[in-house]
Amino acid sequence: MRTGHGLVTTGHEAAEPSGVTTTEVTRPAALDAHRWAMVSGIAGVIANVVMILFFALAQPLGAANPRFMWIGTANDAIIVVQFAAFIPVALALLDRLPPIRTVQLATAAAVAAMGAAMTLQLLLIAGLLTFEVQVYPVTAAFAVVFGWVLSISRIGYRTGALPRRVARIGLFL
């Protein structure tokens, strides 16, 4: 039984091919990316504080204090959260930046590096890799991510695709 009413929801209006106007629900991707960026940034700040505490209390490079070694594991877990939240940000930036091959390749490399860092951190936490084995590829993954931040910040600054303040922060890092 038809009542003659079309689909009505909150959102913006879109004309259907049949001539009937419907309203569809949309969620701005930028808002989601902003939230993920906040989670990633906060996790990054916490990871840095925890890393400082780890070196100050556990003293892994000197007379190691086993009582505080758990702080290193906590840092590793926070880094997993940081990169898991950073991946949607990287993908969302593809929509803001010019669709050039450099941006696409750099973003693909950065997302792969974020996934690799997360995987390596989880393997370290699970005891399946030693720190000595894991540290070099994780450092390389971090370097790729920092290189991506620098390159997209430069492109975003030059083209005006990113807000100046955001691009400057990326260039500062």
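## A tour by helix and ring

Start by selecting helix 4 and helix 5 (residues 164–172), which pack at an angle of about 150° with their axes 8 Å apart. Helices here are DSSP runs of H or I, at least four residues long, numbered from the N terminus. The axes are lines fitted to C-alpha atoms over the stretch in contact, and angles run from 0 to 180 degrees between N-to-C directions. What you are viewing is a predicted model, in which local features need pLDDT of at least 70 and side-chain atom pairs count only at pLDDT 80 or more, while totals for chains, interfaces and linings use all residues. Residues are numbered from 1 along each chain as its sequence is written, and side-chain values use heavy atoms, with hydrogens and water left out.

Next, show the side chains at this contact (heavy atoms within 4.5 Å). Helix 4 contributes V149, L150, S153, R154, G156, Y157 and R158, and helix 5 brings R164, A167, R168, G170 and L171. Zoom in on R164, which lies over the face of Y157 at 4.2 Å from the ring centre. The rule here asks for NZ of Lys or CZ of Arg within 6 Å of the ring centre and within 35 degrees of the ring normal.

Now select helix 3. Which of its residues are buried? They are V103, T107, A110, V111, A113, M114, A117, M118, L120, Q121 and L124, where buried means under 20% relative accessible area, exposed over 50% and partly exposed in between, with a 1.4 Å probe and protein chains only. These buried residues pack against helix 2 (70–96) and helix 4 (131–159).

Finish with the aromatic rings. Rings of Phe, Tyr and Trp (its six-membered ring) pair if their centres lie within 6.5 Å; planes under 30 degrees apart are stacked, over 60 edge-to-face and the rest tilted. That gives three aromatic pairs. Pick F54 and F55: their ring centres are 5.5 Å apart and their planes at 75°, so the pair is edge-to-face. F54 is buried at 12% relative accessible area, whereas F55 is partly exposed at 40%.

Then pick F83 and F142, an edge-to-face pair at 5.2 Å centre to centre, with 85° between the planes. This pair links distant parts of the chain, F83 in helix 2 and F142 in helix 4, 59 residues apart. F83 is buried at 4% relative accessibility, and F142 is partly exposed at 23%.

Conventions: Helix = DSSP H or I, 4+ residues; strand = E, 2+ residues; numbered from the N terminus.
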